[in-house]
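Hello,

Here is the structure I said I would pass on. My notes on it follow below.

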Amino acid sequence: MRANREPRTLTARRSQAVLATSCPGGCDGGKARLEPAPHRGPGHRCGPHLDRRQHPPGWAWQWLSSHPATLRQPRELGDCRARPMGHPCCPHPEPRARRYKCGLPQPCPEEHLAFRMVSGAANVIGPKICLEDKMLMSSVKDNVGRGLNIALVNGVSGELIEARAFDMWAGDVNDLLKFIRPLHEGTLVFVASYDDPATKMNEETRKLFSDLGSKNVKDLAFRDSWVFVGAKGVQNKSPFEQHVRNSKHNNKYEGWPEALEMEGCIPRRTTAS
């Protein structure tokens, strides 16, 4: 008699294990349990079980079409986004948000240039300047350095003319002046700071950047963070500019303020001289 009962006991236990592990990882995200699965009824779809005490988780210059950052809620433990694609509890995985040129969340209109730039973080992480999905300056390209990182771009074609870094702490400011004095009408100027952008600045330097559309360069100081897009021949102050002062009371890093990030869309110029 004992020999006849033992197979039935093993069969019952195996059946319970199959029920409890029909959704790998468990429908509630837990580990498989060798216990009877709760009754789900016809048409039940796999997902986290909530009882009645729980609730579901609830840029004057017409050169900018800005894209504000989108705040995203953290993933819940039972959210399908936290599970691998193809998980049986998530038969229809959420599509990933599409990213456009230079990582912008929305596409730029036709005949516009998409850009994104980030200033350096303290004296550790170098700046980045991206235009039309091409990285013009970055640490990976090994063409950035302490001071001002400047990319000159043809405002009609969007092609890079030249990119250079100028040391504003120990370098020669005349190198910078020779670079920006002879700009042609319509040339776009992308500037991103790294570490110290201002110690070597003189009045002529500040005036040249002001003529390119900067309103903050007159106040730029030691270790400030600064990103700016201007152009030769602009009539008004550029709205493509951000500036954060170095302040020991408000700095994000010990001796430097936070890094700055700016993105947008710049209309191509129809002609250039």
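F228 has a relative accessible area of 0%, so this residue counts as buried. Please keep in mind that the model is predicted. W226 is likewise buried, at 0% relative accessibility.

Strand β6

Strand β6 covers residues 188-194, and seven of its seven residues are buried. The side chains point two ways: L188, F190, A192 and Y194 to one side, V189, V191 and S193 to the other. Residues on both sides are buried.

β6 has pairing partners. With strand β4 (residues 147-153) the pairing is antiparallel and runs over seven bridges; in β6, S193 is the residue that L148 stands opposite. With strand β7 (residues 225-231) the pairing is also antiparallel, over five bridges. There, L188 stands opposite A231 of β7.

Aromatic pairs

The structure contains six aromatic pairs. One of them joins F115 and F190 in an edge-to-face arrangement, with 5.9 Å centre to centre and 65° between the planes. F115 belongs to strand β1 (residues 112-118) and F190 to strand β6, so this pair ties together parts that lie 75 residues apart in sequence. Both F115 and F190 are buried.

Regards

Key: Residues are numbered from 1 along each chain as its sequence is written. This is a predicted model: local features need pLDDT of at least 70, side-chain atom pairs count only at pLDDT 80 or more; totals for chains, interfaces and linings use all residues. Side-chain values use heavy atoms; hydrogens and water are left out. Buried means under 20% relative accessible area, exposed over 50%, partly exposed in between (1.4 Å probe, protein chains only). Helices (H or I, at least four residues) and strands (E, at least two) are DSSP runs, numbered from the N terminus. Two strands pair if DSSP finds at least two bridges between them. Rings of Phe, Tyr and Trp (its six-membered ring) pair if their centres lie within 6.5 Å; planes under 30 degrees apart count as stacked, over 60 as edge-to-face and the rest as tilted.
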